[in-house]
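Hi,

Here is the structure I promised to pass on to you. Please have a look through it first; my notes on what turned up are below.

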Amino acid sequence: MKKCLLASAIAAISTNAFALSGTVVDLDGNPVPNARIEVVGSKTVASSDASGAFNVDEGTSHEIHVTAAGFSHEVLHLDEGVPANLTVTLRRSAIEQVDVIGLPIHASAIESAQPITVLSGEALRNSQAATLGDTLENEVGVHTSFHGNVASTPIIRGLSGPRVLVTQNSLDVSDVSRVGPDHAVSSEVSTAEQVEVLRGPATLFYGSGAIGGVVNVVDKRVPTDPDTYGEYFVTHETVNDQDLASINLNTGVDSFALHLDGFWRESDNYKTPVAPDNEPGEDHSHDALEVANSDDESNGYTVGSSFLMDNGYVGISVGKLNRQYGIPGHAHDHGEEGEEAEEESPERVYADLEQDRYQLISEIQLDSEWLSAINTRIGYTDYTHSEIENGEPSTTFSNKTTEFKLDLMHQPLAHWKGGVVLQYKTSDAEARGEEAFTPPSDSDSLGLAIVEERHFNNLLVQLGARIEQVNVSADAVRLPALEVHAHEEGEHEEEEEHEHEGDDVIFAEDLTFNPVSLSAGLVWEFTPGYNAAIAISHAERAPSAAELFSFGAHMGTRSYEVGALFALHEEGDEAHFDVAEIEPELETSNNIDLTFRKHEGDFGLILNAFYNQVDNYYYQTATGFFVEGEHEHDEDAEGEEGAEEEHDHGGELPVYAFTMKDAVLYGFEARGIWQVTPAFKATVFSDYVHAELADSATYLPRTPPMRFGTRFEYQWQSVHTQIGWSHYSDQDDVAPMETSTDGYDWVDASVNWTLPLASTDLSLFLKVDNLTDTEARVHTSFLKDLAPKPGRNFRIGLRGTF
């Protein structure tokens, strides 16, 4: 970021309010039309006309952001006054630069010491999928937990679940996707404006549950201006016969703004290049088959309204989400013994999801002696989903969450800009039914953070600290009278008896943790168009209720899970679980990020390297014991008779116990973009993560493989074409009882044709995913052997903006 200090030829002003006019040009002096000129800390925004000229009617902050497509983000500090006429010179950039909304101090991703990716505009629409993880899987440092095309969560640098927080407009989405891979994220991308990925610890801004990163889905559900504009989007996909339609509309009059959005999606089971139950690498000569229970039917809407003031806005929104999606690999055989099964279709097992989300968001700029802004975000979410078997609910999950965030931003103090962030969140989570492997629990957190930054000429310093109190409690923690056994030489032999005689033990548990987070970052623009950054953080995380209290069959992971509150005791030929004598501790991350960026000119480059040492890392370890499962799960997505099971002990589940051990994760992310000609652009990328326990050579499970690839784009008048190739390497660094995964090559291509139509820009597009119809199995998926990725898919549709 180029920092301009306008210290001479500037007239002094006697009041904080000012008017500003000027011209935006490039390095050759040519005008730059459609540049956005924003006065930071207010709703004042202007655009340059065809000659590059602009006028800001009224502003109060002396920090001006100027952005334009294809140019580097420019920041002007008018510390000594406002010029009569200002010339802003922008430099070309091959890297798209978008402001990050999910930070207390808004800035471009290029300015941050922490690596951040922002997906927006056409790139977002071209990448979007039915699930959030699958939408982001092509971003560097991000993989998907792919669960049969109907559920997925983002995996950031090998971390996911309770370590990666998913937010909607910086507020927790408050579903149960962090508990199990078969639980969908309750956030819809088709109506989003942009998706932000903070790679690395983000506990400073979001709390304990963001120790591995944050994915923030940004939309306009609380509008900030009264202008009339919108977008509509319609697609059809062939691999699962999916139809999707979505619409966004903003309008208003005078001081009132209104937002409406909605979507509808319906799809059948998806097709794969091979039979889903075949082992990877086998010879497949038959036609592609479908993955049972991978269908989806969903819809939702949002209504929002804001009251606009000269110094900000305050608004509310109400959102509704309904979704019915299949659960692959979850079909059960409930037929009577001796019944013929080959003519029966697989039982449909699906999740029926409902969520109501209410948000209040306000940003108020102040002209007081001490405060420059007060930003408030309040959210309430009521989430429920039931797993339906034989037409009846078998298990019901619910989560009610209330969250409050308050940013008190101060006036510059000795040129330091920042403020205090206060956050409170309470969640009431419950699971009832056959597969309720965690007891009802309450989680409450209260956090106080300080964030500051200051420019020292060409050096930007970013500092932060946060302290929290997290309380996790449950009134009915269950320690069952469980019988487990081990296998010897492939035989099923019982090796141990109950931990206790008689009935299950039920007890209450109330745990309090006090996580502390510290961070420091430097961004050094050592020459125009280049910067280097270092970010060092110490982040602590309180374990989740599922990690602490679990004790039961979890069919989403096809295992029997036992929480860290319990310990396995082995005495000779007997073994049993009891309450652990060691108290659960905070998980602690000490992370360092090194970044190099070239962000101006026809060639752009971003390199990241990270090292993350995590003490008391909570992970599931294989105990070597098994329990009898209550259901017999399909090993065959088609439900054919005679399909081989994974082992010779049908209906059994391996016992995995949460435990604490130190771990180390390190790796890199790289992306280079070359604007070869005004019409032709080439991109290369790669990422890698290595994850293992610190005191042994034991790898952590489901670590993403190394990946690299390239993408070529060509623009000819109104036609935009691109083709991309990604190579996923073999993953042989596996945990105990985990199998390796073969690598694969993934090719996709698209063409977009934009047609100006009256006041609307209409784009017709065709995209082909998995162009070579490759058998692709995702190592990070619990269903990698059961549900490969979809086969060749044609997506056709149109997008209109007005």
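Let me begin with Leu446, which you will find in strand 27. Leu446 has a relative accessibility of 46%, so it counts as partly exposed. It also belongs to a nonpolar patch on the surface, together with Leu408, Val420, Leu422, Tyr424, Leu448, Ile450 and Ile467. Taken together, these residues have about 630 Å² of accessible area. Two elements give two or more residues to the patch: strand 26 (416-433) and strand 27 (441-456).

Before you go further, please keep in mind that this is a predicted model. The average pLDDT of the protein chain is 87, and 87% of the residues score at least 70. Two stretches call for caution. Over residues 489-501 the pLDDT stays under 50, and the model has 45 contacts beyond four places in sequence for them. Residues 632-649 also have a pLDDT that stays under 50, with 45 contacts beyond four places in sequence.

Now for the chain as a whole. The protein chain has 802 residues, and buried residues make up 56% of them. Its secondary structure consists of four helices and 46 strands. The accessible surface comes to about 32,800 Å², with 52% of that belonging to carbon and sulfur atoms. If you count contacts between residues at least 6 apart in sequence, 68% of them join residues at least 24 apart.

What is the strand order in the open sheet of five strands? The order is 11-16-17-14-15, and the pairing is mixed. Strand 11 (116-120) and strand 15 (171-172) stand at the edges with a single partner strand each, so one side of each has no neighbour in the sheet. Within this sheet, strand 14 (residues 164-168) pairs with strand 17 (residues 213-218) in the parallel sense, over five bridges. If you want a place to look, Thr167 stands opposite Asn216 in strand 17.

There is also a hairpin to look at, made by strand 6 and strand 7 with six residues between the strands. Strand 6 (residues 63-67) and strand 7 run antiparallel and are joined by four bridges. Val66 stands opposite Glu74 in strand 7. In this hairpin, Gly70 takes a positive phi near 85°. Strand 7 (residues 74-77) has Glu74 and Leu76 pointing one way, while Val75 and His77 point the other way. Are these four residues buried or exposed? All are buried, Glu74 and His77 included.

Another residue I looked at is Ile247 in strand 19 (residues 242-253). Its relative accessibility is 44%, so Ile247 counts as partly exposed. Leaving aside neighbours within four places in sequence, Ile247 is in contact with Thr191, Glu231, Tyr232, Leu260, Asp261 and Gly262. The C-alpha atom of Ile247 is separated by 8.4 Å from that of Ser190, although the two residues are 57 apart along the chain.

Last come the charged pairs. Side chains of opposite charge can pair when their charged atoms come close. How many salt bridges does the structure hold? The count is 27. Here are some of them:

- Asp356 and Lys320 meet through their side chains in a salt bridge of 3.1 Å, N to O. Asp356 lies in strand 23 (residues 350-365) and Lys320 in strand 22 (residues 312-326), so this pair ties together parts that are 36 residues apart in sequence. Asp356 is partly exposed, with a relative accessible area of 23%.
- Arg36 and Glu38 form a salt bridge with an N to O distance of 3.9 Å. Arg36 has a relative accessible area of 40% and is partly exposed. Glu38 counts as partly exposed too, at 21% relative accessibility.
- Arg432 forms a salt bridge with Glu430, and their closest N and O atoms are 2.0 Å apart. Arg432 is exposed, with a relative accessible area of 52%, whereas Glu430 counts as partly exposed at 26% relative accessibility.

There is a network of salt bridges as well, which links Arg157, Arg199, Asp593 and Glu669.

Happy to talk any of this over once you have had a look.

Best wishes

Conventions
Residues numbered from 1 in each chain as written. Predicted model: local features only at pLDDT ≥ 70, side-chain atom pairs only at ≥ 80, totals over all residues. Heavy atoms only, no water. Patch = residues over 30% accessible without salt bridge, like charges linked within 9 Å, V, L, I, M, F, W, Y side chains within 5 Å. Areas by Shrake-Rupley, 256 points an atom, 1.4 Å probe, with all protein chains shown as cover. Salt bridge = Lys/Arg side-chain N within 4 Å of Asp/Glu carboxyl O. Buried < 20%, exposed > 50% of the residue type's maximum accessible area, 1.4 Å probe, protein only. pLDDT = per-residue confidence, 0-100. Contact = heavy atoms within 4.5 Å. Pairing = 2+ DSSP bridges.
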